[in-house]
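Hi,

Here's the structure I said I'd pass on.

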Amino acid sequence: MSERRVLFIGDVVGEPGRKAVENVLPQLIERHAPDLVVTNGENIAGGLGITERTAKKLFAAGTDVITTGNHVYRHAEVYDFLDRSDRIVRPANYLETNPGHGHAVLEKDGVRWAVINLSGRVFVDAAYSPFHVADRLIGKLRDKADYVIVDFHAEATSEKVAMGWHLDGRVLAVIGTHTHVPTADGRVLPGGTAYITDAGMTGARGGVIGVKREQIIQRFLTQMPVRFETADEDPWVMGCLVTSDRPGLASSIEQILVPAGE
């Protein structure tokens, strides 16, 4: 079989993150020739949440599927778009009655790609166990997808690592998002699943996980409410490239850490 590649872009934060994607993603696509591009866009709208307008900008830049996370419902105007679009997903372990879909299946050049979004439950809220929902969805997708990618949007590293081991050998990749700091543990697990605890943040590295640093420091110093604004200094694009040379499983994972300029 020919080699397959998936480019995953980590949490896009605010306008600086969006502009970084618009400037850098086309270059990454030209350089790596991915078969599928997945972008986590849950913080693209002003640093919290996503809107139809901002989602469409990610699609226009080259994204095939957008994943989200715990801020997906921040802007009520996006609810209808979540229901209508088959290329943007919210955590599958939210209530079934919530707007949107927990997974997407996309066919490109004769290859069927499934993208599952899951939320952790340690320190964040989700209706159902991500482990049980993952098992159910993977069983459901067995005959509908050639490759399955999981975006696990979770706070606790232990929960993410456990999910990687739980799904090893059953999906192409388990990619952690949410904490906005890229981890150094990218690897292919023994069963053939590419894993990384966090793909990192696409946005301003000069702030504190995407927020202006002076505001965060003020909050820590005073313990008083502070209005947070999206940082714009030193934008980077962060993520990973997963390669497969065998059916359904990975052969390598490579981190993407690229300065985006001003």
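Let's start with the second largest pocket: its lining is made up of 5 nonpolar, 4 polar and 4 charged residues. For those classes, Ala, Val, Leu, Ile, Met, Phe, Trp, Tyr, Cys and Pro are nonpolar, Asp, Glu, Lys and Arg are charged, and the others, Gly among them, are polar.

Before going on, do keep in mind that this is a predicted model: local features need pLDDT of at least 70 and side-chain atom pairs pLDDT 80 or more, while totals for chains, interfaces and linings use all residues. Residues are numbered from 1 along each chain as its sequence is written, and side-chain values use heavy atoms, without hydrogens and water.

Back to that pocket (an open set of points on a 1 Å grid over the protein atoms alone, where a 1.4 Å probe fits, with protein on both sides within 12 Å along at least five of seven lines; lining residues have an atom within 4 Å of a point). Helix H4 (residues 130-141) gives the largest share of the lining, 4 residues; helices here are DSSP runs of H or I, at least four residues, numbered from the N terminus.

The largest pocket has about 520 Å³ of space. It is lined by 22 residues, with Leu48, His71, Ile209, Val211 and Phe228 closest to its centre. The lining splits into 8 nonpolar, 10 polar and 4 charged residues.

Cheers

Conventions:
Points joined across faces, edges and corners; volume = space filled by probe spheres on them. Helix = DSSP H or I, 4+ residues; strand = E, 2+ residues; numbered from the N terminus.
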